[in-house]
Amino acid sequence: MADHFAAFSFVDRITSFEPGVRARGEFAVPAGIAAFPSCLVAEAVGQLAAWVAMEHIGFRGRPVAALANETTFHGEVHPGDTLDLAVEIEQCDDDAVAYAGFASVAGRRVIELADCLGPMLPVADFDAPEALAERLALLRGPGAAPGRFRGIVAPTVQADAVLDGDSLSATLTVPTQAPFFADHFPRRPVFPATLLLDAQIRLAMQLAAPGAKPARMTHVKMRSFIAPGQVLRIEARRSDARRLKLSAETDGRTVATARVDLRATEAQ
């Protein structure tokens, strides 16, 4: 099975499409994988927005390293679930796309994204424009065969130290090779920001009180691309009982920051 449009692609079919304005879509989470974390659900919403944005500007550019001002986590997604995806494009041109969106499972909203901004970079630097155009035609038509995604092996995260009572740090080693690089991206492999955020959240939850769950992520900023093989120092620091600050740096440079708010128990 080819990894392009399989290893890190989370839209199976686009069920409605208003060019440059909005779209609805679906993704069937394979039942055989171990898990499908919330950060990948956010990725699925972002990918649907990217399809609308790329089509709107004739596949000259694609949004990368999107900045999400607010992501709200309402519930978990499990293997075997089908995501119903929706996006609204607030503004789109050759420079950037601004959008909002959400994902639901069986009518239950599981995630919402608000005030997202994706800078547009030349498509040809990352993928073949004609291949993307053909893929969109398939998604808007019969759809892609479900079950292509085979799960992701999480990158190695090694705890370094408890810096003090309110912070933790760890080393994240980005793999030099992984199936998801075939999708992200074929011509220029980039470590997905959503996989970094997933690792950061998992680190942060070690500081959380028992039973706490991520409720909301805000102020997500990706400051540079992360290449295969890079070694990152990630840190979670408690601001107060229900808020933590996340950061990632490499070679003395901060490459990503975010905040995560907690709730005492998971919403039902």
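Me: How many cavities of 30 Å³ or more does the structure hold?

Reply: This is a predicted model, and it holds one cavity of 30 Å³ or more. The space in the largest cavity amounts to about 760 Å³.

Me: Which residues are closest to the centre of the largest cavity?

Reply: The lining is made up of 45 residues, and those closest to the centre are E43, G46, Q47, H184 and T194. By class, the lining comprises 32 nonpolar, eight polar and five charged residues.

Me: Which element gives the largest share of that lining?

Reply: Helix 1 does, with nine residues. Among the other elements that give two or more residues are helix 2 (129-140), helix 3, strand 7 (108-122) and strand 10 (213-222).

Me: How is the packing of two helices described?

Reply: In general, one states the angle between the two axes and the distance between them. Here, helix 1 (residues 38-56) packs with helix 3 (residues 193-204) at an angle of about 155 degrees, and their axes are 8 Å apart. Because angles over 145 degrees count as roughly antiparallel, helix 1 is roughly antiparallel to helix 3. The crossing of helix 1 with helix 3 is right-handed.

Me: Which residues make the contact between helix 1 and helix 3?

Reply: Helix 1 contributes C39, L40 and E43, while helix 3 contributes T194, L195, L197, D198 and I201. By class, this contact has five nonpolar, one polar and two charged residues. Two of the contact residues, E43 and T194, are also among the residues closest to the centre of the largest cavity.

Terms used:
Residues are numbered from 1 along each chain as its sequence is written. This is a predicted model: local features need pLDDT of at least 70, side-chain atom pairs count only at pLDDT 80 or more; totals for chains, interfaces and linings use all residues. Side-chain values use heavy atoms; hydrogens and water are left out. Axes are lines fitted to C-alpha atoms, for helices over the stretch in contact, and angles run from 0 to 180 degrees between N-to-C directions. Helices (H or I, at least four residues) and strands (E, at least two) are DSSP runs, numbered from the N terminus. Angles under 35 degrees count as roughly parallel, over 145 as roughly antiparallel, 65 to 115 as roughly perpendicular and the rest as oblique. A crossing is left-handed if the near helix is turned anticlockwise from the far one by less than a right angle, and right-handed if clockwise. Contact means heavy atoms within 4.5 Å. Ala, Val, Leu, Ile, Met, Phe, Trp, Tyr, Cys and Pro count as nonpolar, Asp, Glu, Lys and Arg as charged, and the others, Gly among them, as polar. On a 1 Å grid over the protein atoms alone, a cavity is a set of points where a 1.4 Å probe fits but cannot get out, and a pocket is an open set with protein on both sides within 12 Å along at least five of seven lines; lining residues have an atom within 4 Å of a point. Grid points are joined across faces, edges and corners, and a volume is the space filled by probe spheres set on the points.
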